[in-house]
Amino acid sequence: MRVHIADHPLVTHKLSVLRDKATPSPVFRQLTEELMTLLAYEATRGVRVADCEVETPVTTTRGVKIADPKPLVVPILRAGLGMLEGMTKLVPTAEVGFVGIVRNEETLKPTTYAERLPDNLAGRQCFVLDPMLATGGSLAAAIKFLFDRGADDVTAVCLLGTPEGVQAIDALVGDRDVSLVLGAMDERLNEKGYIVPGLGDAGDRLYGTAG
Ligand code: PRP
Ligand code: URA
């Protein structure tokens with residue numbers, strides 16, 4: 001598995017504001033979207049394109065357009081939803097599938113409560129979005145859904161990761177074509193399974209504690 005950790009002062013700056021417990025939800029949502037757009041630039045480096053012809057006001061030239069089948073973007077509900085707009089801004093022709101996964105805060109095991117994905121993902125580039133890669137259980141469950149539908153080209157984008165989480169995903173994917181793009185690699189998990197230093201509960205900070 002290829003792992004890319006963003007090394008850009010704008011990403012680090014925006015993450016620092018996101019980590020701050022005083023940052024309110026509206027600002028948190030805006031920054032999550034902006035961070036996703038910055039990470040999308042790296043995550044889409046291998047997006048498939050097809051040659052095309054372009055008529056400029058001056059002449060005809062060769063260009064490229066995003067190839068068919070269009071990329072599939074899959075935010076993991078809830079918190080991944082906060083990243084969706086940042087991705088589709090950059091790749092507006094992408095299609096969107098959904099997976100709803102919640103982690104049991106006692107056992108740290110994920111449960112899937114919703115899924116809306118195409119049946120056949122063979123030959124389709126898939127981009128999975130979730131701000132937090134903690135134990136890796138939730139992202140692993142989402143990637144497994146994609147593998148089960150034939151996906152063989154998956155890129156996951158997370159704002160924060162941990163060495164434990166990366167190891168869990170690496171063990172799942174084996175030698176399949178999977179990339180992981182992280183805004184930052186944090187130190188570890190604490191005894192409650194939270195990322196340290198982290199930013200707290202991403203879903204709650206984005207959307208409150210109603211869900
Ligand atoms: C959070 C986060 C990830 C998961 C990470 O979701 O958005 O999906 O925890 O933890 P893991 O790597 O140990 O599985 P949560 O379960 O809190 O659901 P939410 O997005 O609905 O708030
Ligand atoms: N999920 C979160 O939202 N935050 C963490 O630190 C770990 C899992």
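Predicted model: local features only at pLDDT ≥ 70, side-chain atom pairs only at ≥ 80, totals over all residues.
Reader: Which residue places a polar side-chain atom 3.0 Å from an oxygen atom of ligand 1?

Author: For a polar contact the two N or O atoms must lie within 3.5 Å. A polar side-chain atom and an oxygen atom of ligand 1 are 3.0 Å apart, and the side chain in question belongs to Arg78.

Reader: Which residues bring a backbone N or O atom to 2.9 Å from an oxygen atom of ligand 1?

Author: One such backbone atom, 2.9 Å from an oxygen atom of ligand 1, is found in Ala79. Another backbone N or O atom, again 2.9 Å from an oxygen atom of the ligand, is part of Ala134. The residues asked for are therefore, with the 3.5 Å limit for a polar contact in mind, Ala79 and Ala134.

Reader: What percentage of the area that ligand 1 exposes when taken alone does the protein bury?

Author: Ligand 1 sits in the largest pocket. Taken alone, the ligand exposes 500 Å², and the share of this area that the protein buries is 94%.

Reader: Which element gives the largest share of the shell around ligand 1?

Author: Two or more residues of this shell come from each of strand S6 (98–103), strand S9 (132–133) and helix H4 (137–148). The largest share amounts to 3 residues, and the element that supplies them is S6.

Reader: How many residues of the shell around ligand 1 are charged?

Author: The shell around ligand 1 holds 15 residues, of which Arg103, Asp130, Thr135, Gly136 and Ser138 come nearest. Divided by class, the shell has 6 nonpolar and 5 polar residues, and the number that are charged is 4.

Reader: Which residue has a backbone N or O atom 2.8 Å from a nitrogen atom of ligand 2?

Author: An oxygen atom of ligand 2 lies 2.8 Å from a polar backbone atom of Ile195, and an oxygen atom of this ligand lies 2.9 Å from a polar backbone atom of Ala202. Where a nitrogen atom of ligand 2 is concerned, the backbone N or O atom at 2.8 Å is that of Gly200.

Reader: How many nonpolar residues does the shell around ligand 2 have?

Author: The residues around ligand 2 include Arg103, Met132, Tyr194 and Asp201. By class, 2 residues of the shell are polar and 2 are charged, while the nonpolar ones number 5.

Definitions and conventions:
Residues numbered from 1 in each chain as written. Chains lettered and ligands numbered in written order. Heavy atoms only, no water. Near = heavy atom within 4 Å. Polar contact = N/O pair within 3.5 Å; in protein donor to acceptor, adjacent residues only side chain to side chain. Areas by Shrake-Rupley, 256 points an atom, 1.4 Å probe, with all protein chains shown as cover. 1 Å grid on protein atoms, 1.4 Å probe; cavity = no way out; pocket = protein on both sides within 12 Å on 5 of 7 lines; lining within 4 Å. Sits in = over half its atoms within 2 Å of the grid points. Helix = DSSP H or I, 4+ residues; strand = E, 2+ residues; numbered from the N terminus. Nonpolar A, V, L, I, M, F, W, Y, C, P; charged D, E, K, R; others polar.
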